[in-house]
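Colleague: I'm new to this one. Could you walk me through how to read a helix in it?

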Amino acid sequence: MDSRWIGALVAVAIVGVAAWLMWRSWRRRTVRDESLAAYAPPADPGTTTLEVEALYVATTPEHEPLERLAVEGLAFRGSARVEVHRRGVLLRIAGERPSFIPADRIAAAGTATYAIDRGVEPEGLVALTWIVDDRSEPEVPTRVDSYLRCRYPGDSARFVAAVNEIAAAPAAPQPDAEAESEASDD
């Protein structure tokens, strides 16, 4: 057998194993995160206060920008049209069903520099922190960060301001802070 054929077979085998490992990894992630979902859009979300075009990057656990979640409706990266309404934020991501984040589930919006496979200039991403629809009904609500890269200059600042104006979710309890305050009370 010619050494070129051996090299080609080895390369095909390596690519095949890598593809299988990626598929298996994504499958495990979707099983792990199957209880997480964005909310269904209401029939009438109300008047649009802001609309921006963006690149939807990913949704991650809060403060863990390198751990992707396969949230139903927000699993894949893509171009998006994002609408801010008084009742919440509507995400229309190419290839995904529309997802809604109710205002009472939004904690805040801010800026970020990196998430998963996207590193940009300082404050180049918008991080939207919210409470995901977790059907496993945990004791503490599951908070996530969804990252967007607004397409046009100035849209990031307008988007952050509009979201923070409607944000209403309570802060998550901090077990360490509660334990310290109880210890200081004694």
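This is a predicted model: local features need pLDDT of at least 70, side-chain atom pairs count only at pLDDT 80 or more; totals for chains, interfaces and linings use all residues.

Colleague: How many helices and strands does the protein have?

Modeller: Helices (H or I, at least four residues) and strands (E, at least two) are DSSP runs, numbered from the N terminus. Here there are three helices and eleven strands, in the order α-β-β-β-β-β-β-β-β-β-β-β-α-α.

Colleague: What span does H2 reach?

Modeller: The expected span is 1.5 Å times one less than the number of residues. H2, residues 155-166, has twelve residues and reaches 17 Å from first C-alpha to last, close to the expected 16 Å.

Colleague: Which residues of H2 are buried?

Modeller: Buried means under 20% relative accessible area, exposed over 50%, partly exposed in between (1.4 Å probe, protein chains only). In H2 the buried ones are Asp155, Ser156, Phe159, Val160, Ala162, Val163 and Ile166. They sit on the same side of H2, because their arc around the axis (from directions of the helix axis to the C-beta atoms) is only 170 degrees. In general, an α-helix has 3.6 residues a turn, so residues three or four places apart point the same way.

Colleague: And which exposed residues does the face turned away carry?

Modeller: Ala157 and Glu165. For the whole protein, 39% of the 186 residues count as buried.

Note on methods:
Residues are numbered from 1 along each chain as its sequence is written. Side-chain values use heavy atoms; hydrogens and water are left out.
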